[in-house]
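Please read them with the structure open.

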Amino acid sequence: MKKNSIEVKLKHYADEYEDEVLKDIISFWKTHNCEPSKEEASEDLKHWTSKGHLLFLIFADDHMCGCVHLGSRGAKIDWLEDIFVRTEYRGKGIGSQAIEWIWEYIRRQGLETLYLEVVPANIEAIRLYHKLGFTNLNTLTLNRSVKKKEMIGEETIHGFTFKTYLPNK
């Protein structure tokens with residue numbers, strides 16, 4: 001797939017990329033205000049490559065620039081669990097192309113739906129997912145917390161109002 005003359009390809013994870021993927025997993029969690037150790041990243045990698053999961057590496061013009069983790073929450077692997085594109089590759093359409101590749105991949109598996117979750121504060125991701133056709137609201141994940149959080153807005157669904165907050169720091 002090409003956009004702006006960048007060729008994007010996805011490949012199944014191979015152990016030869018372990019060091020790079022571990023760095024990407026750590027960077028991924030840092031974008032979610034977490035500071036994982038290399039051991040914790042190794043546990044994620046082990047989980048992301050276990051039964052019921054698929055890990056694809058994203059390459060732009062033959063340079064690895066991120067990864068996509070798919071998972072199963074039932075019988076089929078139909079959840080886009082995590083996507084990470086390295087900072088220097090963002091804004092070039094690589095994430096869009098990777099998600100479109102994943103969509104075509106699951107369609108070839110005979111599946112009709114690709115699911116994902118996103119926190120309400122991640123406006124950039126919401127914009128991307130909406131642009132790519134993720135417009136069906138499937139479930140709501142609600143929480144009750146004692147932590148003080150910075151509210152960023154409110155959403156009303158079926159007459160019920162829900163507050164949205166920045167993620168915990």
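1. Which residues do ring pairs link into a cluster? The cluster holds F28, W29, W48 and F84. Rings here are those of Phe, Tyr and Trp (its six-membered ring), and they pair if their centres lie within 6.5 Å. Planes under 30 degrees apart count as stacked, over 60 as edge-to-face and the rest as tilted.

2. A word on the basis of these notes. This is a predicted model, in which local features need pLDDT of at least 70 and side-chain atom pairs count only at pLDDT 80 or more, while totals for chains, interfaces and linings use all residues. Residues are numbered from 1 along each chain as its sequence is written, and side-chain values use heavy atoms, with hydrogens and water left out.

3. Secondary structure. The chain has four helices and eight strands. Their order along the sequence is β-β-α-α-β-β-β-α-β-α-β-β. Helices (H or I, at least four residues) and strands (E, at least two) are DSSP runs, numbered from the N terminus.

4. Overall dimensions. Along the principal axes, the C-alpha atoms fill a box of roughly 50 × 35 × 35 Å.

5. Burial and surface. Of the 169 residues, 35% are buried. Buried means under 20% relative accessible area, exposed over 50%, and partly exposed in between (1.4 Å probe, protein chains only). The chain exposes about 11300 Å², and carbon and sulfur atoms supply 48% of that area. Accessible areas come from the Shrake-Rupley method with a 1.4 Å probe; for residues, only the protein chains shown count as cover.

6. Contacts along the chain. Take the contacts with a separation of 6 or more: residues 24 or more positions apart account for 49% of them. Contact means heavy atoms within 4.5 Å.

7. Aromatic pairs. The whole structure contains nine.

8. F56 counts as buried because its relative accessibility is 0%. W101, at 21%, counts as partly exposed.

9. I77. This residue lies in strand β5 (residues 77–85). Its relative accessibility is 24%, so I77 counts as partly exposed. Beyond neighbours within four places in sequence, I77 is in contact with G52, H53, L54, L70, G71, S72, I106 and L111. K51 is 26 residues from I77 in sequence, and their C-alpha atoms are 9.9 Å apart.

10. K163. Strand β8 (residues 160–165) contains K163. Setting aside neighbours within four places in sequence, K163 is in contact with M151, G153 and E154. R90 is 73 residues from K163 along the chain, with 29 Å between their C-alpha atoms.
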